[in-house]
Amino acid sequence: MSGRLLLAALLACVCVNIAQAQIRAEHPRHCVMSVGPTQMMFSAFQENQTDEIFCRHVPTLGPTMIILDARQIELRDMNIEIRVLRNVGQADWRDDLDANTVAVLPPQKYLADKGTTSFTHNFVSDGSYVALVRATSDDGAKEYVGQYDFSVGEGAEWSAAFGVLSLVGAGSALAMWRRKRAASTPRFSPDKPSPSALRQSR
């Protein structure tokens, strides 16, 4: 039993380490959000905590600088509205928009000079979030919307680890239950003599 638990713990640790490595490996190639037909790069930085740049997962709470880089010149001439929303499983970003908004930058041409903009938000709660970008032309003829999902805090990693441990633990418990059941099941039916009894009666 101890051997099975040790194997389960080791497997869980390996799975969590792989997941963490994949999160770190996502930057910068995969930290891209589509905003209509254009694209922006998303990254986050926590000054005075670490020199690392994050995208899909920001490991700790606190002041976090979010950086958005336009990959097409078209976005520089558009008015950009930026929001950070709590991801509560809403089917559409418009659902309870004001209630789910934790940070907002009103529409301006933030990308006009260098095609990049940044702002700092103090995250005080673990969880899943959405970076929402709305780009509109001056005449209102064009509107592009983009969303980027990311998480903040240790809660997401611990949830993943707990999920892995639960699956491995359930598998080990099922294997042990089947083994005990097989051991307690008689090999021969009680109403039929065993092969040794047959040999002795002959």
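Predicted model: local features only at pLDDT ≥ 70, side-chain atom pairs only at ≥ 80, totals over all residues.
Trainee: What makes up the chain, in helices and strands?

Mentor: There are four helices and ten strands, where helices (H or I, at least four residues) and strands (E, at least two) are DSSP runs numbered from the N terminus. Along the sequence these elements follow the pattern α-β-β-β-β-β-β-α-β-β-β-β-α-α.

Trainee: Why is the pair of C31 and C55 called a disulfide?

Mentor: The term asks for a pair of cysteine sulfur atoms within 2.5 Å, and the sulfur atoms of C31 and C55 are 2.0 Å apart, so the pair meets that limit. The pair links distant parts of the chain, 24 residues apart, with C31 in the loop between helix 1 (2-25) and strand 1 (32-35) and C55 in the loop between strand 3 (53-54) and strand 4 (57-58). A search of the whole structure finds one disulfide.

Trainee: How do you know whether C31 and C55 are buried or exposed?

Mentor: A residue is buried under 20% relative accessible area, exposed over 50% and partly exposed in between (1.4 Å probe, protein chains only). C31 has a value of 0% and C55 has 2%, so both are buried. Of the 202 residues of the chain, 32% count as buried.

Trainee: What makes the link between the side chains of T64 and Q46 a polar contact?

Mentor: The term needs a pair of N or O atoms within 3.5 Å; within protein, one must be able to donate a hydrogen and the other to accept it, and residues adjacent in sequence count only if both atoms are side-chain atoms. The side chains of T64 and Q46 make such a contact at 3.0 Å, a distance that lies within the limit. Each side chain also has a backbone oxygen as a neighbour: that of G62 lies 3.1 Å from a polar atom of the T64 side chain, and that of T60 lies 2.6 Å from a polar atom of the Q46 side chain.

Trainee: Where in the chain are T64 and Q46 found, and which residues does T64 touch?

Mentor: T64 is in strand 5 (residues 62-70), and Q46 is in the loop between strand 2 (38-45) and strand 3. At 1% relative accessible area, T64 is buried, and Q46 is buried with a value of 1% as well. With contact taken as heavy atoms within 4.5 Å, and not counting residues up to four places away in sequence, T64 touches several residues, including A44, V58, F119 and F123.

Trainee: How do you know that strand 2 and strand 5 pair?

Mentor: Two strands pair if DSSP finds at least two bridges between them, and strand 2 and strand 5 have six, in the antiparallel sense, so they qualify. Within this pairing, F42 has L68 of strand 5 as its bridge partner. Strand 2 is also joined to strand 1 by four antiparallel bridges, with M33 opposite M40.

Trainee: Why is the aromatic pair of F42 and Y148 called stacked?

Mentor: Rings of Phe, Tyr and Trp (its six-membered ring) pair if their centres lie within 6.5 Å, and planes under 30 degrees apart count as stacked, over 60 as edge-to-face and the rest as tilted. A search of the whole structure finds five aromatic pairs. For F42 and Y148, the centres are 4.5 Å apart and the planes 20 degrees apart, so the pair counts as stacked. The two residues are 106 residues apart, F42 in strand 2 and Y148 in strand 10. By contrast, F123 and Y129 form an edge-to-face pair, with 4.9 Å centre to centre and 70 degrees between the planes.

Trainee: Which residues do ring pairs link into a cluster?

Mentor: The cluster consists of F42, F123, Y129, Y148 and F150. Among them, F42 is buried at 1% and Y129 at 5%.

Conventions
Residues numbered from 1 in each chain as written. Heavy atoms only, no water.
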